[in-house]
Amino acid sequence: MSAVARFLSSLMRALATLGLYGEQHPTRQRAIAASFEELTALLQTDPHVQLTFLMHEVIYGQQPVRELEGWDWAYRMASAGLQRIEIDAGVTIDELTEFLSDVQARLAGMPADTALVRPARSSHIRVGAVGLRDGQRESIVTPAPIATATVVYSLDEETDTVRWIHDEVAARDELPLLEAETVVRSLSVAMHGSGEVVLPLLRLKRFDQYTTTHSVNVAVLTMALAEALGFGARDVRAFGTAGLLHDLGKVRVPLDILVKPGKLTDDERAVLNRHPVDGARIILEGDEHLGLAAAVAYEHHIMIDGTGYPRLYFRRDCHYASRVVHVCDVFDALRTDRPYRAAWETERALAYIEERSGVEFDVEIARTFVAMMRRLECLVTPIDEREPASVPPSAPHTGSEPAGNTTGIA
């Protein structure tokens, strides 16, 4: 068992003990001492411990604690508003004891009013919730007496990581899978951090940011839709990874084709239309276990009536995840400015999905997506990227435009 798993296990044993024994009981004191010993050992290798509790997952820094996957305590902590814990070297056993008392009270649904009789607490231990930096929604923090350590997400690191992933694939033909999975987990944290599902969608400011922005948005929309369809956490993340990587093959498409305004020539269209095949090949060469993501990369432009690309020589149904990503892919494309049209309003894009349900889109998936977006529209959080806004001279050809458009981008 890893050091962080040992510490968390001891921490939860101490919390359970606090609920059973009085302050001076030796069993309680032994449990706290054991937890402090594990914490001290962990701080010797990591002087700034950062823990995030999300649903039934524990994330240490940016990496999941796989030994604790499905851990019930993670759900209990997150549900009590204790989604984030940060502990710095120098913490004392008295600080840990006070922290445990406050957390135990919070978990039991009691007010933690011990601050009335204690001096100001050291900041060696901080807790809080995760939120989004958008200038409108306030981050949720825990009330006194626990010092707060609210995590504010701007998605800067996530978008930078996705750009780097694309650059690595283009330069070295290597897929950094660990980084992709980390981005998906971080997006999931941002989606659930305020205690309700929100959709942190990036705004496109510059045409050369499109592939990154679109990949992140499709991942977010795909995870939200997978949850709405009733999938569990592990499947939701797998769908999110597939959404993040669905357009990976575009690293093989020349930039002058991606950003060309207006209609593509037949040869240019043929080059662009190869990106699903290229994407599937890149993913499978990067990790043979990513069969789901590879299938989605290959199938996300195939409609349920069999049209689209690549052309299927034998009629078959696409993977369910491909049909989920297809809806999210088209929606985000419609909601983005193009040189030949302005971005569609949400309701117009949803009406298009309803109209094409049963032809282009899976009926159940389309119905669930439309209902979800109408329910969550007020909880969509537009996130600006760091780069200053500029008027794009052109925008990438996405291959995700409505059928029958006159631009040649089908």
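A disulfide here is a pair of cysteine sulfur atoms within 2.5 Å. By that rule, the structure holds zero disulfides. Before you click further: this is a predicted model, where local features need pLDDT of at least 70, side-chain atom pairs count only at pLDDT 80 or more, and totals for chains, interfaces and linings use all residues. Residues are numbered from 1 along each chain as its sequence is written, and side-chain values use heavy atoms, with hydrogens and water left out.

**Stop 1: colour by confidence.** pLDDT is the predictor's confidence in each residue, from 0 to 100. The protein chain averages 80, and 80% of the residues score at least 70. Now select residues 151–153: this is strand S7, with the lowest mean pLDDT among the elements, 49. Helix H13, residues 320–334, has the highest, 96. (Helices, H or I and at least four residues, and strands, E and at least two, are DSSP runs numbered from the N terminus.) Over residues 132–152 the pLDDT is below 50, yet beyond near neighbours in sequence this stretch has 63 contacts in the model; a contact means heavy atoms within 4.5 Å. Residues 404–410 are also below 50, with 18 such contacts.

**Stop 2: helix H13.** Select Val-327, which is found in H13. Is Val-327 buried or exposed? Its relative accessibility is 0%, so Val-327 counts as buried. (Buried means under 20% relative accessible area, exposed over 50%, partly exposed in between, with a 1.4 Å probe and protein chains only.) Not counting residues up to four places away in sequence, Val-327 touches Ile-353, Phe-361, Ile-365 and Phe-369.

Leaving aside neighbours within four places in sequence, His-326 is in contact with His-300, His-301, Met-303, Glu-360 and Phe-361. Cys-328 is buried as well, at 0%.

**Stop 3: two crossing helices.** Show H7 (residues 210–228) and H15 (residues 363–376): their axes come within 10 Å and cross at roughly 105°. Axes are lines fitted to C-alpha atoms, for helices over the stretch in contact, and angles run from 0 to 180 degrees between N-to-C directions. H7 and H15 are therefore roughly perpendicular (65 to 115 degrees; under 35 is roughly parallel, over 145 roughly antiparallel, the rest oblique). Finally, select the contact itself: Leu-221, Ala-224, Leu-225 and Ala-228 of H7 with Ile-365, Thr-368, Phe-369, Met-372 and Met-373 of H15.
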